[in-house]
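This report describes the fold and a few selected sites of a protein, going from overall totals to individual side chains.

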Amino acid sequence: MRNSLILIALAVITTFASSADDRLFIQDFNISAGKTMQVPVVLLNDTAYSGLQTDLYLPDGLSRDKENNVFLINLTSRKDKSHVVTSRQLDNGAIRIYVTSANASVFSGNSGAILTLSITAANDFNKSAKIELKNSICAESIGTRHVLKNEICEVNAHLKCDVNGDLEVNIADINVITDIILGGTVDPLTRQRADVNGDGEINIADVNTVTDAILSK
């Protein structure tokens, strides 16, 4: 009897494993009120996985888009042609997302977005909020399932030309852009906001855009 219990325990251990180094997460981002964004869900994995599931928790003011009553989720090029994604809303409000493969094909690579979510901010969204991914499990093709840690993403309301994130557009925003141009160091979110015209560079054109916004108020 004791030997049987030991064998059962070993079977459970080999079925579930902890993967402290592997992550399924959403990077911090900015979103403007009333706008829709395609938000990547990133998988960093040392282990080769063929499928995954996770529970997505959205804060008030952010919503997942639907088409024909189905949540809009797209798999990236890391998928195999056999991979499919499905989702359903849980009683607690979370959206459970599944990615499966009929023939247990593994995802390509070991880093980068695995899927994208279509998320819309309410017209009055003007705050910082958190998106959570909980109960994330990734599965190997041999059946072993790995439990990943919960992840939190910081989402900030973005007012165009509001570079410093204080929900106002004034000379302080010009000062931040000028500091970056002169070699100053800022956090990634501020640098993202400083590219006001969205051309991938931070230069005098961004200063001019903010100046125009200030003068047109």
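## Basis of the model

The structure is a predicted model, in which local features need pLDDT of at least 70 and side-chain atom pairs count only at pLDDT 80 or more, while totals for chains, interfaces and linings use all residues. Residues are numbered from 1 along each chain as its sequence is written, and side-chain values use heavy atoms, with hydrogens and water left out.

## Overall composition

The protein has four helices and 15 strands, taken as DSSP runs numbered from the N terminus (helices: H or I, at least four residues; strands: E, at least two). Of its 217 residues, 37% are buried, where buried means under 20% relative accessible area, exposed over 50% and partly exposed in between, with a 1.4 Å probe and protein chains only.

Among contacts (heavy atoms within 4.5 Å) with a separation of 6 or more, 69% are between residues 24 or more positions apart. The protein exposes about 12000 Å², and carbon and sulfur atoms supply 52% of that area, computed by the Shrake-Rupley method with a 1.4 Å probe.

## Helices H2 and H4

Helix H2 (residues 171-181) and helix H4 (residues 204-215) have axes that come within 10 Å and cross at roughly 175°; the axes are lines fitted to C-alpha atoms over the stretch in contact, and angles run from 0 to 180 degrees between N-to-C directions. H2 and H4 are therefore roughly antiparallel to each other, a term for angles over 145 degrees.

To this contact H2 brings Ile 171, Asp 173, Ile 174, Ile 177, Thr 178 and Ile 181, and H4 brings Ile 204, Asp 206, Val 207, Val 210, Thr 211 and Ile 214. These residues divide into eight nonpolar, two polar and two charged.

## Two loop residues

Thr 76 lies in the loop between strand S9 (73-75) and strand S10 (83-89), and counts as buried because its relative accessibility is 16%. Residues up to four places away in sequence aside, Thr 76 touches Ala 113, Ile 114, Leu 115 and Thr 116; a polar atom of its side chain lies 2.7 Å from the backbone oxygen of Ala 113.

Asn 103 is placed in the loop between strand S11 (95-101) and strand S12 (113-121). Its side chain makes polar contacts (pairs of N or O atoms within 3.5 Å, one able to donate a hydrogen and the other to accept it) with the side chains of Ser 101, at 2.9 Å, and Ser 105, at 2.6 Å. Leaving aside neighbours within four places in sequence, Asn 103 is in contact with Asp 80 and Ser 82.

Notes. Angles under 35 degrees count as roughly parallel, over 145 as roughly antiparallel, 65 to 115 as roughly perpendicular and the rest as oblique. Ala, Val, Leu, Ile, Met, Phe, Trp, Tyr, Cys and Pro count as nonpolar, Asp, Glu, Lys and Arg as charged, and the others, Gly among them, as polar.
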